[in-house]
Amino acid sequence: MAVSCSLILSPLHFNFIANNKDINKNHSFLSANPLIFNISSKPTNINKGSSVVLCSYKSGSGLTAEEKRVLRERYGFDPNEYISEAKNERIKEGKKQGKGKELVAEEEARVHRTTHKLLQVLGGKAKRKKLLSPKGMDVRPMMEVVKGAAFDILQAADGCPASLRPGRWLDLYSGTGSVGIEAISRGCSEAHFVEMDPWVVSNVLQPNLEWTGFLDASVIHPVRVETFLEQADRFSGNGPFDYISVTPPYTQVDYGMLMSQISKSPIVGENTFIVVEYPLRTDMLDSCGCLVKIKDRRFGRTHLAIYGPKWAQKKRKSDKTLQNTT
């Protein structure tokens, strides 16, 4: 008899079989829930009348997901390993039955997600207020050093270094909403947030807007960015935005296609400013529709490109000339 140990994940019920001839008939395990012992036995070299202990699972008496995590951690195992394996198996089985997409959404909803307060508003009315963000890397907020630099450049390019003009801000791939919230704090009269993850909207974005007092100045669009851009007239309603921030998950977008779609959308006007965060080794064009690139800066592996009207580019050049002459 070979015995292999694994983590306790469900209660054990022992059945004793006196007749070893019936071992193969009664030897059964439930693979969906790993048990404390996986016991395999061979009828060779077993005396008659000897007892064999078999493990079986009683439906409805298992541990909760959180209790399983605790047990795995207690015994030195990765608490997420079993969950990931079980999740993948259920999704594979669902795909065979034609229910792949539904099961993927269901499994994603089962994952326990939590938040913490690591971000803060950098300037304006809500300066130093802490913001919620999800733990883990499923949502990647703009780094504060990048966000601060972006707003400093925008304010200088727009001719008002102390604040933003009271226009409308569009925060694409908004996640925590930290960029759009920063915009309202610094003077924007209204911000639109496009975020497709319902958990992030209800547990992160909306609480952040309530905490900063900006909920009444905000509009949340719980749709995909591609859908928003395709139906921009329906969602935005009041013509081009004054400012647009684009902070997508790096590996999930084609920047060329995304910027092309934005440039052809009615959300962009001749006086719009666009802030784009993009990764290293990504080629960004020198223009976006009628707008020109007025700044491109690097922060480690992150790059920041800012597009704006031609008058903003001329103003920056004239400012530099004036500084050099003085």
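User: Is cysteine 160 buried, exposed or partly exposed?
Analyst: Cysteine 160 counts as partly exposed, because its relative accessibility is 31%. Buried means under 20% relative accessible area, exposed over 50%, and partly exposed in between, with a 1.4 Å probe and protein chains only.

User: What kind of model is this?
Analyst: This is a predicted model, where local features need pLDDT of at least 70, side-chain atom pairs count only at pLDDT 80 or more, and totals for chains, interfaces and linings use all residues. Residues are numbered from 1 along each chain as its sequence is written, and side-chain values use heavy atoms, with hydrogens and water left out.

User: And cysteine 188, buried or exposed?
Analyst: Cysteine 188 is buried, since its relative accessible area is 4%.

User: How many disulfides are there?
Analyst: The structure holds 0 disulfides, a disulfide being a pair of cysteine sulfur atoms within 2.5 Å.

User: What does glutamine 155 touch, apart from its sequence neighbours?
Analyst: Beyond the neighbours within four places in sequence, glutamine 155 is in contact with Cys160, Pro161, Ala162, Ser163, Leu164 and Arg186. Contact means heavy atoms within 4.5 Å.

User: Which side chain makes a polar contact with the one of glutamine 155?
Analyst: That of arginine 186, at 3.1 Å. A polar contact is a pair of N or O atoms within 3.5 Å; within protein, one must be able to donate a hydrogen and the other to accept it, and residues adjacent in sequence count only if both atoms are side-chain atoms.

User: Where does glutamine 155 lie?
Analyst: Glutamine 155 lies in helix H5, residues 144–157. Helices (H or I, at least four residues) and strands (E, at least two) are DSSP runs, numbered from the N terminus.

User: Switching to H7. Where does that helix bend?
Analyst: H7 bends by about 30 degrees at leucine 205, and proline 207 follows within four residues. The bend at a residue is the angle between axes fitted to the seven residues ending there and the seven starting there.

User: Which residues of H7 are buried?
Analyst: Val200, Val201, Val204, Leu205, Asn208, Leu209 and Thr212. They pack against strands S5, S6, S8 and S9 and helix H6.

User: What happens at the two ends of H7?
Analyst: At the start, a side-chain oxygen of aspartate 197 reaches to within 2.9 Å of the backbone nitrogen of tryptophan 199. Just after H7, glycine 213 takes a positive phi of about 80 degrees.

User: How many helices and strands does the protein chain have?
Analyst: The protein chain has 11 helices and 14 strands. Of its 326 residues, 40% count as buried.
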